[in-house]
Amino acid sequence: QPLGRRLGGSRNAAEDRLDLRDGWLALSGGSEATFSADIKGAELSLASVLTGALTFLAVEWKNDGRLLRPAMEAAGEGLIDSANAGSAVDATRSFLRQIADNLPDALFQGEARAEVEQLIAALPQGRGRLTLGFASEAGIGAAQIGIAALSDDPVGPDALARLLAGSALSVDWQPGIFP
């Protein structure tokens, strides 16, 4: 399958936001993602997108199971010294579990926390379909992320609670091979 991508965007002046719709990315191995997003305070320029705040995100990701192992190996090499491929993947999975455990309960809608735990357990193969929905009335932008990053424990429960206050996350993870 060839590589592919597309994205449509329009400025919603009445709501002071950039509406990104019908985003699509396909990789040669078969992984594919579709997405839509709303960015408050943004216009049709990269600079304004970076200063805007994400208020809505919808993602559907079909994972063929080939992409994540090399990505997790590379990330894990930065987490532990002298990592081999297996220990690097384990370190990355452990770090993702730590972050997931530190996310505030109020963030998760329905069974979203359990779905995230199932997804992390399936990594790195993780063949399946992930559907994710995120909403935040105030939005999350670079300034909020920067404040969290400068905290004593950027991925700790207090920093994540401040960053994600008033946000909602829905997650559906369907393991298996997708068509």
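This is a short tour of the structure, stop by stop, with something to select at each one.

**Before you click**

You're looking at a predicted model, where local features need pLDDT of at least 70, side-chain atom pairs count only at pLDDT 80 or more, and totals for chains, interfaces and linings use all residues. Residues are numbered from 1 along each chain as its sequence is written, and side-chain values use heavy atoms, with hydrogens and water left out.

**Stop 1: the whole protein**

Start with the cartoon view. There are 6 helices and 6 strands; helices (H or I, at least four residues) and strands (E, at least two) are DSSP runs, numbered from the N terminus. Follow the chain along its sequence and the pattern reads β-β-β-α-β-α-α-α-β-α-α-β. The radius of gyration is 17 Å, close to the 16 Å that the globule rule gives for 179 residues, so the protein is as compact as a globular protein of that length.

Now show the surface. Its accessible area comes to about 10,100 Å², and 57% of that belongs to carbon and sulfur atoms; such areas come from the Shrake-Rupley method with a 1.4 Å probe, and for residues only the protein chains shown count as cover. Buried residues make up 37% of the 179. Here buried means under 20% relative accessible area, exposed means over 50%, and partly exposed is in between (1.4 Å probe, protein chains only).

**Stop 2**

Select Arg6, in strand 1 (residues 4-12). Arg6 counts as partly exposed, at 48% relative accessibility. Which residues does Arg6 touch, not counting those up to four places away in sequence? They are Asp22, Gly23 and Trp24, where a contact means heavy atoms within 4.5 Å.

Asp22 is exposed, with a relative accessible area of 55%, and its phi is near 60°, a positive value in a residue other than glycine. Then pick Asp16, in the loop between strand 1 and strand 2 (17-26). Its phi is positive as well, near 50°, and Asp16 counts as partly exposed at 36% relative accessibility. Most residues other than glycine have a negative phi, and most peptide bonds are trans.

**Stop 3**

Move to Ala37 in strand 3 (residues 32-40). Is Ala37 buried or exposed? Ala37 is buried, because its relative accessible area is 6%. Leaving aside neighbours within four places in sequence, its contacts include Leu18, Leu20, Leu54 and Phe56.

Click on Asp38, also found in strand 3. This residue counts as buried, at 8% relative accessibility. Again not counting residues up to four places away, Asp38 touches several residues, among them Arg17, Asp19, Ala53 and Thr55.

Go across to Thr55, in strand 4 (residues 53-63). Thr55 is buried, with a relative accessible area of 15%. Beyond its neighbours within four places in sequence, Thr55 is in contact with Asp38 and Lys40, and with others including Phe134, Ser136 and Gly139.

**Stop 4: the largest pocket**

Time to look for open space. The largest pocket has a volume of about 510 Å³. Of the 15 residues that line it, the closest to its centre are Leu96, Val116, Leu119, Ile120 and Leu132, so select those to find the spot. On a 1 Å grid over the protein atoms alone, a pocket is an open set of points with protein on both sides within 12 Å along at least five of seven lines, and lining residues have an atom within 4 Å of a point. Grid points are joined across faces, edges and corners, and the volume is the space filled by probe spheres set on the points.

Color the elements around the pocket: helix 3 (85-102), helix 4 (112-122), strand 5 (128-141) and strand 6 (167-175) each supply at least two residues of the lining. What classes of residue make up this lining? There are 15 nonpolar, no polar and no charged residues. Ala, Val, Leu, Ile, Met, Phe, Trp, Tyr, Cys and Pro count as nonpolar, Asp, Glu, Lys and Arg as charged, and the others, Gly among them, as polar.

**Stop 5: a cis peptide bond**

Finish at Pro124, in the loop between helix 4 and strand 5. The peptide bond from Leu123 to Pro124 is cis, with omega near 10°.

Terms used: 1 Å grid on protein atoms, 1.4 Å probe; cavity = no way out; pocket = protein on both sides within 12 Å on 5 of 7 lines; lining within 4 Å. Rg over C-alpha atoms; globule rule 2.2 N^0.38 Å.
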